Structures are given as C-alpha cells and as structure tokens.
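Let's take a friendly walk through a structure with its sequence beside it. Have a look at the picture first, and then read on.

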Amino acid sequence: MENESKRYMAPGKHVLMGNVAMAEGAMAAGLTFFGGYPITPSTEVPEHLVWRLPEAGGAFIQMEDELAAINSVAGASVAGAKAMTATSGPGTSLMAETISMAAAMEIPLVICDVQRNGPGTGLVTAPHHNDVFQCKYSGNGEYEVIAYAPMSCQELYDLTIEAFNAAETYRCPTYVLSDAYLGHLHEPVVIPTAEEVKKLVVARAILDKPNQEKFTFLDREGNIQIPPAPVLGTPNFPTTFISQPHGPDGIPVNEDQVLKPNTLLVEKITKNVEKIARTEAYMLDDAEVVIIAYGLTARVCYHVVNLARKEGLKAGLFRLVTIWPFPYERVKSVVAGAKAIVVPEMNLGLMAGEVERCKPLAMPMYKVPKIADIHEPGEILAVVRKAKEAHP
Amino acid sequence: MITRPDDLPEEELLLSGTRSCAGCSMSLMYRTAIKALGKNTIITVPASCLTVLHGLYHKQSVLVNVIHTTFETTAASASGIVAALEALGLDEKITVVGFAGDGGTSDIGIQGLSGAAERNTNFIYACYDNEMYSNTGTQRSGQTPYMAYTTTTPHGKLEHKKNIPMIMLAHNIPYIATTCASYPLDVFNKFTRAKQFKGTRYIHVLAPCPPGWGYPTHESIEIGKLAVRTGIFPLYEIIDGKMFLSKESEPYLDPRKRLPVADYLKKQGRFKHITQQHIDTYQEYVNGQWDFISKML
C-alpha cells in the first residue's frame, strides 16, 4: 500500500549522486514499479530504489536479465503502475524488441539509459553519448520516442518527473539519457515540497466509463487525441490487447487498413513536437556562430559561449533538452541567421546529422567529436574561433 | 588423477599481473583449471569478473585463447566455436570451454546453456559461483544464498540458491561436477576428467569473494573449506546420470560430522544480520539437500 509520507524526499538542498537524483525524480513522479538488472554505470539506480521504493509502498524486482526487466516494466504499466527500468547501452540493446512492442501497444514506460562507451562492452565506466540513435531506432518498425538529455543532477531529478509525465501523456517509450559521468556526479539538488511536486505530476488516467468512442485510440481523426492507456482489471480494458496493428476493438486489421494505425503512432509525436520538445537558447539573438549541444556537453558549452564573448566572438548556444522528437523547425530558425554552426558531441557526430537536415546546404558546420570523456572548454572554443575566422 | 600439489603441471598458463581483487579465489581456481585444460583450449567468457581478470592490452595475463562474448551468450558462443572447429577438422585437438559467473550462468545465460546442453554440444561449461554479481558491485543473483546481504537484497535474500547442477542433470549430459576453489587438486582432477568426455560437460565451482562476502582477504581458502565442511556446498560428480560423492564431501553424508552452518555464516559480513531462526532455516535446508543427495547415490 502506498505510504505517501515516505514517497517524497525532505524538501531543501541535498547532495545527491546523479543516479540517485534520477531515482528520486522517478519516486516523485509516482514510480510504483521498478524492474531492473545490474549493469555498470546504472547500478546505483536499482541499489537505491531497492529500499526506497518498497518503503513508499512500491514494488522492486531484480529480474534475471534485461529482457525480463523491460517486460516486467511493460507488464506493470499495463496493470496500472507507473513503471521504469534503468540500464546502459548493452541493456538497451537487449530491450529493443519490447520497446518496439511498447511503442506499438502505446504502453507508457520510462527507461533510464546511463550511457557508457561502446560498441560492444566498451569502456564500462566511461561516458559516451552513443545511444542517442539507439534509443530511437533500436526496435523494429516505425515509431517515435521521447528522450530527455539532462546535464546536471538537478535536471536528472526534474526531467525524470517530466519524462514520466510525457510517457503518460503521449503513451510511448520515454528515455532519460544520462551517462557514466553524470550518473556518478555528486551535486546539490533542490528538492521541492511534496505539495509542489504533486502539482507537477501527471497521474495515470483511467477510462472511467465504457465509452467505445473515447477508447478508439487508433481511430483519431484531425487533431490527434491520445486517450488514456487501457489498464488491466478495469472494466474498459479491450478484449485483447496486442502489438499487431489493431482497430478500436483490439482486433488485428488487414493489410489495407494498416496505414492508419501505423501513421498515428508516428504522428501523435511528430505533430506534437512543439509541445514536447524542450530547448534552451543562450546568447543566440546576435550569434554568428551557433553551438548546438545536449546532455553534459551542453553544460560545457555555456562556459564556451562566455569565453567566446569575452574574446568578442559572437557565439550562442542552442541546447536540446529533449533530443527526440528532434525540433527540426526550431533548429531551422535558429541557424537561419548564423554564419557557422558548431556541434560538439560526446560521440563522433551523431545528432550532427539531424542538424545537417535543418541547415542551408552552403552553411558550414563543424563537428567537435569527443569520446569517453567530457570536452575541455578550450577544445570547443578553438573550433568556434576557427569557424569565425573561416567565415567572418 | 593427482593426489599431491607437486603433481600439478609446472607450466603456468595464468600469469601474475591479473586484475582480480586481493584474495580472489576465482583467480586461484582459474589458474588450476586451465592447467588441467592445457594450452590447446579456447575459452569463451561473458561479462564477468573473469573478463576483468584477463587484463588490458598489452598486459594480458593468460596464455590460452580467450574470446569475450556478450553476457547472455557463453554457451551459444561456444556452440558456434565448436561447430566451426568440427567443420575445420580441429575439434579433436582443441578443447572449447565456456567460463561464466553465477549470474551469467543461472540468470541471463541459462537459455543459451540449456540450448547447448540439449544439443549435447561438445564443450565444457564452467560456472564459477561467487554467489552474486560481484563485477558490478555485488547485487543478488539466482545463486545468492538465503539471507545473504547484497546491494539489492538489503535485508538478506529470501530465496535459496537455484540448483543449477540438477537443472543440468535434467539435460542428460555425460558429466556434471561441483568443486570448490579451496581444493585445487579437486579442481584439477575434475577439469581433467571433464576433458575425457564428449558432449556437454558442466562444472560448478564455488568461488568465495572477499569484498562481496565480507571476510578478510586471507580467509578465502578457509571460507571455501567451511562451505564444504558444513555441508552447504557438497562436492560430487554425476557421470552418465550416476552421482558419486567426492572424497572431500564424503564424511558429511553423516549429519553428525557436518559442522553447524553457523560456523560458516558467522564468519561473513553478508550474514551479519541473521537471527537464530534464519540459521535454523538454513540448517534445515542443508539437511534437506543431503537427504536428496543420499537418495541420488
């Protein structure tokens, strides 16, 4: 049974490890079930929740592998619990099939991916933002996900609450993309009061009356309506609940009817990008060199912009707080007036490809790749200088 | 079969400079096991302490061929290696071994292991059992014993150990053995015997882990011996379905000769919190295990 008083941390400032801040954000968001499996560097999340969750009346299971972990989460979510797992790249790979299934069945769930170096086993304690494509493209089929890229322990707390809200609202797999450094960083985190937290949280909605129209979650015309997820054991659960393309009654559709349900799975996100995408602009108004970054790298870039401005370089930062769905329109307008774009990433340049889709063909773009470590501000600043010199 | 430490082959295939923890019994066991397996061995290893032990380029500590595979695929990886060696006509010359931890065997890897055993794939599967996910900082596994503390069983695990050798027995494989890192001659003899069979052979090795179990690093051998002398971890072989108790465990068929389980439990930090009631439950479980063994003999 829910023990309300134990769910929320004492308000005020706490020094928390990133992985713990993430777990506490999940607690605040109403997490009731965690299914996980140990993997470096995410293991502190289950190690914290193993005692935190039960004391607040939730359930924790260490499963026998990642397949089991994500499927326990999907099962718990269909049973009405807010559910999540935490893992790293190799674990996310194993979860791919179920993530695709959850996308097809529109099961709300949250995956915390504490990214580590890859491919393969990689360097397990080194950060590497190399799951930014995996989180969207690992599963079969066409579907969309939502992915948050926090850059501080405070954001791990705050954005995890948002991630749960997004999962409930848009009924899709939602990621919190942390990394080995961020997950193990210890920083002050300001915890709001329980009352303030409750105001932020989107509760699991349950269809309260038999309403076939309202339940037609794959039959949305015009403005896309996303009805609440069906919850097992409630009177309005469909006869069957399957991951094949299905009609409102839950019965699979024919080949000639499949376009609509598949399109809706994608469009419920792509047509709502403006509502979902979170971005931050720093000194962009007169920026000639636009830096585009996300996650821990973005944190360095605020400093890089300050350093550049001191040198008289008109640099600005466009930060992607959510990386998926990618805000193509916003990036287009941000880069429109720039002379050059700099994209530092903690990988060889993955999201740079998405930026490339938004920029005029002739506009120069500089990647600043870094692997298994965080950028030194000077490394990015040098590229900003170079960009400015080449395109005065 | 050898009976004296002097009889162990002198050539070392595991060199100094491993990256294992101080007092790691798994590394001692591994050193002896690969002496028995010999140089013409291919070992496939999933994510585990053993991966770490092998070292980083260019300070490799092992002189047999080792391939690192994904966590869940030790036996599947071995299946591919075995099939390829057979196709290339090299299978008579080379021994293929899957060497995994207890989590990699009884949790994430059991599907692959069961599949390989059902096909009676010609390889040795060795599980070194430190009763937890030691490599990621000691979380519970299917092999964690009753009431043991791990970081994901903060009040002690409520379930007993999963009996993997018996699961393997159900696969009708030719050779199954249990051994313990504290008995190097037994380890050597069982790996040597396993080599003589064709088909899937399974060896389960208890490998006490000082940081995970909470005892001083110099007590690894003692702790392993206590596991045997209390009857908690019986050493035996099952050859073509017939069980033979190993001489180290023979005396403990007689319950009066077994040390009380408390002698073992009280030496380890992971059992610090247990009550007399838990000890009694543990003792009952061990007695029941021996009742079962006596019927198997």
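A residue is called buried when its relative accessible area is under 20%, exposed when over 50%, and partly exposed in between, using a 1.4 Å probe and protein chains only. By this rule, 60% of the 392 residues of chain A are buried, and 58% of the 297 residues of chain B.

Please keep in mind that this is a predicted model, in which local features need pLDDT of at least 70, side-chain atom pairs count only at pLDDT 80 or more, and totals for chains, interfaces and linings use all residues. Residues are numbered from 1 along each chain as its sequence is written, chains are lettered from A and ligands numbered from 1 in the order in which they are written, and side-chain values use heavy atoms, leaving out hydrogens and water.

| Chain | C-alpha span |
|---|---|
| Chain A | roughly 65 × 50 × 40 Å |
| Chain B | about 60 × 45 × 40 Å |

How many helices and strands does chain B have? Chain B has 11 helices and 8 strands, counting DSSP runs numbered from the N terminus (helices: H or I, at least four residues; strands: E, at least two). Chain A has 16 helices and 14 strands.

Contact means heavy atoms within 4.5 Å. Among contacts with a separation of 6 or more, residues 24 or more positions apart account for 79% in chain A and 70% in chain B. Leaving aside neighbours within four places in sequence, B:Tyr264 touches residues including B:Trp213, B:Ile223 and B:Phe271.
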